[in-house]
Structure formats: structure tokens, C-alpha cells
Amino acid sequence: MMTSQGHIEDHDGDFPPNPFRYDEDDEDITPSDVPQQAAQVGAPVPAPTDGGFGGPPRVPLPPPISSVPVDVDDPYATSFEPVNTSYVGSGSIDQVPAQQTAPSTMSSNVSLDQEPKGFLQRITACVSVENYKAHFDVDTADIVERVIGSVTLCNSPDEFRQTVLGVGMNNGKSPDLYGPYWVTLTLMFFVAMTSNMHMYIHSNNLNDFEYDIRHLVRAMSVLSFFTIGLPVVFFFTFRFFGIQVTLIELVCLYGYSLVPYFPAVIVCLIPWGFFGWLFLLAATGVSVMLVLRNVAGPVLASEISQSKAGPILVAVLLCHFVFFLVLKLSFYHKHAH
């Protein structure tokens with residue numbers, strides 16, 4: 001209670017003495033007397049501090065965090081490892097983000113959950129435009145390099161397939177479909193145009209000459225089967241024998257193998273039929289060498305016997321020879337009019 005003079009009345013006489021109190025103004029009590037007073041009132045004796053009882057008791061330090069045993073089998077065990085704050089608010093701290101668990105795919109951007117599993121889904125994926133976008137991602141420099149390489153590298157084993165197309169090589173290249181599509185479509189118009197010009201040159205009556213649109217239809221049918229039909233047939237044949245060549249690679253090879261026919265069909269306009277046979281045969285030789293040199297490696301490297309590899313390569317050669325005959329007799333025969 002405070003008096004009028006502003007002093008607080010001392011009521012220590014009404015209460016038991018405090019064994020933990022040390023009053024510097026009290027000359028009768030020394031630090032050595034505190035344990036005796038504490039024993040008189042039954043209070044616990046305080047632990048000595050540095051040099052006496054002039055401060056609070058010393059509290060022992062906790063053990064280091066790394067020495068605390070943690071039960072790894074206990075799902076509720078507390079871990080004192082630093083928490084990655086980027087995961088806060090997205091679930092438990094032990095949860096791994098989805099982008100780290102889902103494997104990435106190079107050939108497509110489709111996750112594993114979106115892969116076609118049924119037969120109908122696989123058929124739908126084959127006609128999906130999204131699956132073919134990567135095969136049209138080429139520029140003019142790539143097309144020029146592949147067009148030139150289809151002639152200059154025709155006699156080099158696997159050189160065009162690996163170096164130019166990038167099959168099995170980590171050079172950022174891959175087989176494309178734009179080049180074969182462009183080459184085939186352009187050659188269709190070349191064949192249709194030169195075959196009609198060939199008819200005009202060898203026509204006996206120029207007044208009765210008429211442009212035959214059926215040449216364009218025939219050229220479209222023949223070249224489309226050569227560029228798409230034959231690769232599909234050989235693809236299933238290779239799959240049956242376990243030969244590791246994809247359909248895109250075969251379409252790319254057969255598409256670029258048509259490049260030598262461009263100068264050959266122009267030479268067919270010469271009135272002498274011998275030049276037409278000679279240049280078409282030479283173009284067929286360059287074309288079949290490009291395909292054989294890049295297909296023979298996977299065929300011979302497969303597990304099939306040599307007795308089966310030979311007929312497969314002969315079949316490739318015969319298909320080119322038949323194409324040569326169809327091209328010459330259907331479009332550039334001197335009696336075509």
C-alpha cells in the first residue's frame with residue numbers, strides 16, 4: 001500500500017521470508033544464509049550460479065537437433081530438415097510435384113496418361129495432326145541439304161540416313177515429311193507436263209492434239225503408291241522380321257529418292273527415245289542405291305538369317321525396276337498418243 005509520501009509499505013512481516021530474494025540493502029543477510037532460510041521454510045534450495053545466488057537458476061541447454069533420434073518408420077515423426085517453401089500450400093511437404101514425376105518424351109509432348117492403349121485409339125492417333133507436326137518442322141536449308149544429299153550420298157552406306165536425316169544421332173535432326181511431300185507433288189506436275197509435251201512432239205497431226213488430263217491422274221496414282229504404298233508394305237515386312245526401321249524413315253527415303261527423276265523426265269522430251277530410256281534408267285539406279293544403302297544396314301544387323309535378308313533387298317530392287325518400266329511405258333512411250 002502506498003503512503004502519502006509516495007512510499008510503499010513493507011508487509012514482509014505478514015508473509016514468510018522469500019528464500020530467493022537477495023536485498024543488497026540488508027546487511028544482516030548474506031548469500032551464505034540463503035540456503036539456511038530456504039531450509040527453514042521448506043523451500044527447495046536454489047542451484048548456485050556463477051559465484052553465488054545472485055541470479056536466476058541456470059537452465060540446461062537443449063540437445064542439438066542433429067542428435068535427436070527420429071523413427072524413420074513412424075509416418076508422424078517430425079523432421080527438422082529445411083522445408084522447401086515452393087511446395088507450401090500445394091499439399092504435404094513430402095509431396096513431389098507432378099512435373100518431376102512425369103517423364104518427358106522427345107518424340108511427342110503427350111504424357112503417359114494420354115498414350116493410346118486400345119486399337120481404336122491407336123488408329124485415331126495415326127490420323128491425328130498433332131502427331132505429325134514435328135515431322136514438318138524443317139526450314140529451307142534442311143530441305144536443300146537433303147535434296148542434294150539424296151544424290152551425292154546415294155552410294156554411302158547409312159550416310160544419308162544417319163548424317164542427313166539424323167537417325168540414331170544426337171545432332172538435332174530427324175526424318176521429315178515435308179520434303180517427301182514437296183518432291184512427290186512437284187514431280188507429279190513435272191511428269192504430267194512433260195508427258196503431254198512428249199505426246200505433242202511425237203504427234204503426227206498437231207491440229208488434233210489435245211492436252212490429256214489423265215496423265216496427271218496417273219502420275220498422282222503411281223507416285224503416291226511409290227512414296228506411301230511401298231514404304232507401308234516394307235514397314236510391315238520389316239516389323240514381321242524384327243528389322244528396326246520406322247515408317248517415317250521409309251517414307252522419307254522413298255520420297256527423297258525421287259529427286260534424280262527430275263532431270264530424267266526433262267530429257268525424255270528429246271525426240272530420240274534412246275535418251276529417255278538411258279536417263280530414266282540412270283535415275284532409277286541412283287534412286288535404288290539411295291534406298292538400298294540406307295536399308296541394307298538395319299536389315300543385315302537384324303536377327304534374321306542371310307537367306308531371308310537377300311530376298312528382302314532383292315524385292316526393294318525389283319520394285320524400283322517396276323517403277324521405272326511403269327514410268328517409261330505409261331508416260332514417255334513414243335506411241336503414247
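1. Helices here are DSSP runs of H or I, at least four residues, numbered from the N terminus.

2. What we have is a predicted model, where local features need pLDDT of at least 70, side-chain atom pairs count only at pLDDT 80 or more, and totals for chains, interfaces and linings use all residues. Residues are numbered from 1 along each chain as its sequence is written, and side-chain values use heavy atoms, leaving out hydrogens and water.

3. On length, α10 (residues 273–301) has 29 residues and should span 42 Å at 1.5 Å a residue, which agrees with end C-alpha atoms 42 Å apart. The expected span is 1.5 Å times one less than the number of residues.

4. Now its packing with α11 (residues 306–331): the axes come within 9 Å and cross at roughly 155°. That makes α10 roughly antiparallel to α11 (the label for angles over 145 degrees). Axes are lines fitted to C-alpha atoms over the stretch in contact, with angles from 0 to 180 degrees between N-to-C directions.

5. Helix α8 (residues 247–256) also packs on α10, at about 155° with the axes 9 Å apart. So α8 and α10 are roughly antiparallel too.

6. Salt bridges (Lys or Arg side-chain nitrogen within 4 Å of an Asp or Glu carboxyl oxygen) come to 3. One joins R146 and D176, closest N and O atoms 2.3 Å apart.

Notes: Helices (H or I, at least four residues) and strands (E, at least two) are DSSP runs, numbered from the N terminus. Angles under 35 degrees count as roughly parallel, over 145 as roughly antiparallel, 65 to 115 as roughly perpendicular and the rest as oblique.
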